[in-house]
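Let's take a walk through this structure together. Keep the model open beside the text and look for each residue as it comes up.

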Amino acid sequence: METETAVVAGRQKTRSGTKRVNKSTPGGRSSGGIYGNPKAVVASVLVFADAILVALIIAYVPYTKIDWDAYMSQVSGFLEGERDYGNLEGDTGPLVYPAGFLFVYSAIRYVTGGQVFPAQILFGILYVINLAITMFINVKTDVLPAWALILLCLSKRVHSIFVLRLFNDCIATMLLQIALVSLLYQKWNLGLIIFSGAVSIKMNVLLYAPSLLLLLLKAMDICGVVTALACAAVVQIVLALPFLFVNPLAYLSRAFNLGRVFIHFWSVNFKFVPEPLFISKGFSISLLIAHLSLLALFAHYRWCKHEGGLLSLLHSKISSLKLRLPLTSSSSVRTISKEHIVTTMFAGNFIGIVCARSLHYQFYSWYFYSLPYLLWKSPFPNLLRIALFVGVELCWNIYPSTAYSSVLLLFLHLVILLGVWRAPPEYPYADKSKTKKNK
C-alpha cells in the first residue's frame, strides 16, 4: 500500500468565506514562518504603508495644541521635586492620572526636550508599533480576512490622536496591546504586570479588568489568580510610593477618581442628553448598573457557556480550592485559546465603552483597534460590517459632536454589541484537560 506523504489540505468554512486549511500543522497554519502566511504578509505591507502615511502627516498636517503643554507643566513640577499630588497641576487643571504617567512623560520630555516636533516623531513610531501589534493579534486569531486588515489603517481620528495630539491614551493603548500579546502566549503574570503598567498611564484600561479576571479564573486556580493580581498590585504600589509617602489621600483621590464629571460639550456619545441629566448622579448610576448587568449577562451566557455559566465556573474554582492539598506546590493551569482571550477582552472593554457617560475624542483610541475584530465576530454580512465601521468613524470625525451624531453613535454601538451577543461562543480551551505548566 502506498504511504501517503503529501500534505492533506481540506476545505473549512469560516465567517468570511472558505479558506484552505493545512492539516499537517496546528491550527492549519503553514510552517513557513511569517512569510509562509499570506495574511501576515498583507499585514506587514499595510504597516509599512501606514508608516509612510504617518511620516507625511507629521510633515504636512499642522499640529493641534491641546494637552501637551499641560502634560509638560505637570511633569515639570514632578521633576522639580514636588511629590504632593495635590500640588501637581497644568494648563488644563490638576493632574488626574496615576503615577506611571509622570514617569513615562518625564522620559518623553527627556528624549524630546519638551518640543512638539520630536515628540510627534516619537508618537509616530509608537503608532506604527501599536499598529504592528494589532496586526499580529489579528493574524494570530485569524478572525479577520486579509482584505479587512486595511480597516485598521483607515481612521483619520486615530492618526490625529497619535501624531497631532500626543495624548497619553496612545501609550496606555499600546501597553494594553502588549499585555494582550502576553496573554495569547499564556504569560499571565507578565501580562498582569504590563496591564498594570497601562493602568498607571490612564485609568480607562480598567475597563478590561472584569474580562481579564474571568480569563484568569479560567486559566488558573485561585492561588495562581491571587499571585497574578499581586504582581499587578506591586506595580501600582512601587510607582506610587514617592507620592504615597507624602500625601496618600491626595494621590488616591486624584489618580483614581471614579466620580469625575466630564464637560457635556465634549461628549461624543451622549450629547443628545440634556446637560442637567448628563451631570446628574442618577444618570451615572443608571449607566453603571447597565454596565455591570451587561458584563454579568455576557459572562454567564456567552463567555462561560462551555463551563455551564459564570456561577458554575466560580463554584468549580471554590471547590478545587477546598480539595487542594495544603502541601501542593504546583498550580493547575489550562491553556486558553487565543480567539477566546481576544474576544473576551475586546467585548468586555466595548461594553464599558457603550455604557460610558462621556467619550471624548481621544477616547476613540480605547476601542478603535478592536472594532474590525468585533464586527467580524458578529454574524453580519460584510456590507453591514463595513457600513457600521464607516458609520462609527464618521461620528468620531464630526466636530463638535451634535445630538444627531451622538444618537447615531450610540445606535451603532448597540447594533455592534447585539452582533457580538449573537456570535456563537468559541470553545475557550486549547487543551482538552488540565495540564501542569510554568506560568
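**Rings that meet**

Start with tyrosine 71 and tyrosine 97: both are buried, meaning under 20% relative accessible area with a 1.4 Å probe and protein chains only. A quick note before going on: this is a predicted model, where local features need pLDDT of at least 70, side-chain atom pairs count only at pLDDT 80 or more, and totals for chains, interfaces and linings use all residues. Residues are numbered from 1 along each chain as its sequence is written, and side-chain values use heavy atoms, with hydrogens and water left out.

Searching the whole structure turns up 37 aromatic pairs, that is, rings of Phe, Tyr and Trp (its six-membered ring) with centres within 6.5 Å. Tyrosine 71 and tyrosine 97 make one that is edge-to-face, 6.2 Å centre to centre with 75° between the planes; planes over 60 degrees apart get that name, those under 30 count as stacked and the rest as tilted. Tyrosine 71 sits in helix α2 (residues 68-79) and tyrosine 97 in the loop between β4 (93-94) and α3 (99-112), so the pair ties together parts 26 residues apart in sequence. Helices (H or I, at least four residues) and strands (E, at least two) are DSSP runs, numbered from the N terminus.

Now try phenylalanine 101 and tyrosine 105, a tilted pair at 4.8 Å centre to centre and 35° between the planes. They are four residues apart in helix α3, so about one helical turn separates them. Phenylalanine 101 is buried, and tyrosine 105 is too.

Technical notes. Buried means under 20% relative accessible area, exposed over 50%, partly exposed in between (1.4 Å probe, protein chains only).
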